[in-house]
Amino acid sequence: ARLRSKTDEISYFLLMLDEADELIKTSAACNYRPLVALKDVQETMDRRFKYVLAGLHNVVKFNRDVALGRNSVITHMSSLKITPFFDREATELLTGPLSYLGFSLPSKVTVSQILATCNYFPSLIQLYAQKLIESVQAPDYAGYTTRNSPPYVVTDDHLRRVMSDKKFVDTIYEKFEITLKLDEDQGSCYYPLTLLIGWMYNVMPSKSGYTAKDVLHHAKDLSINPLADLDVEKIDALLLELQDLNILRSVSNNSYLLASKNFRDLLGSDEEIFEKLMNFGGVAV
């Protein structure tokens, strides 16, 4: 009303909705009328109204359905996938602020190892740097003194101790697990699917990745619920969603691997992964 008003007009309105998954989920029940309304207002306001919907699971599913032509009501809503950092910006985020504080990391290889451990996620990179800064205050950690420091010349042993910090490791796993359980209200397929691919790393190692057909074969063989009851098309859609959520990466020909080696380590040992899989209705083999 304010945008259309001639007496109490506002010239521009930007609407930003975070956690938009619930909005999209509930909109589906009424043929996405709320989203249609947003689109209609935008188109009639001559670019004076813009909106951003930010979310995870349901946003990914919505974008996938649009791409497949299943949401024909809205065909022109563009999307932007927020990914982990690439190497250059991740390196800058880690090394830039630390260098201003007098920290010197041993080598580019060390930096790459840190970034891989943090999965190139900005929040985890910042958390790692925070732990590194906090550690120099502990006299039994690196032996720095106010007389001789800065600079803080960090050793590989020092870095390993930070990487083994329980709170840091738990935070990495927590963020990983949260993503895997985003679809708990819609059948909980992400977690067993990721576990199954992690298990396949051991029983059928492959650099070319795994297809939906491969996944479904082993899901049926191990009686993994609810994956065993799905078809190849549905498994492939789930693989695409996990790619959009940065858990998987596409290799080629609709084949996928985990997005990073660290993700495989976070799933546990081969025995732990198999035990977790059995909790999804599998039978001992």
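Start your tour at the second largest pocket: select Pro-84, Asn-119, Tyr-120, Ala-259 and Ser-260, which lie nearest its centre among the 21 lining residues. A pocket here is an open set of points on a 1 Å grid over the protein atoms alone, where a 1.4 Å probe fits, with protein on both sides within 12 Å along at least five of seven lines; lining residues have an atom within 4 Å of a point. You are looking at a predicted model, where local features need pLDDT of at least 70, side-chain atom pairs count only at pLDDT 80 or more, and totals for chains, interfaces and linings use all residues. Residues are numbered from 1 along each chain as its sequence is written, and side-chain values use heavy atoms, leaving out hydrogens and water.

Now move to helix α5 (residues 108-117) and pick Thr-117. Is Thr-117 buried or exposed? With 19% relative accessibility, Thr-117 is buried (under 20% relative accessible area, 1.4 Å probe, protein chains only). Beyond its neighbours within four places in sequence, Thr-117 contacts (heavy atoms within 4.5 Å) Met-163, Phe-168, Ile-172 and Asn-262.

Finally, select helices α6 (residues 122-135) and α8 (residues 166-180), whose axes (lines fitted to C-alpha atoms over the stretch in contact, with angles from 0 to 180 degrees between N-to-C directions) come within 11 Å and cross at roughly 175°. The two helices are therefore roughly antiparallel (over 145 degrees). Show Leu-124 and Tyr-128 of α6 with Phe-168 and Ile-172 of α8, which are among the residues making this contact.

How values were computed. Helix = DSSP H or I, 4+ residues; strand = E, 2+ residues; numbered from the N terminus. Parallel < 35°, antiparallel > 145°, perpendicular 65-115°, else oblique. Buried < 20%, exposed > 50% of the residue type's maximum accessible area, 1.4 Å probe, protein only.
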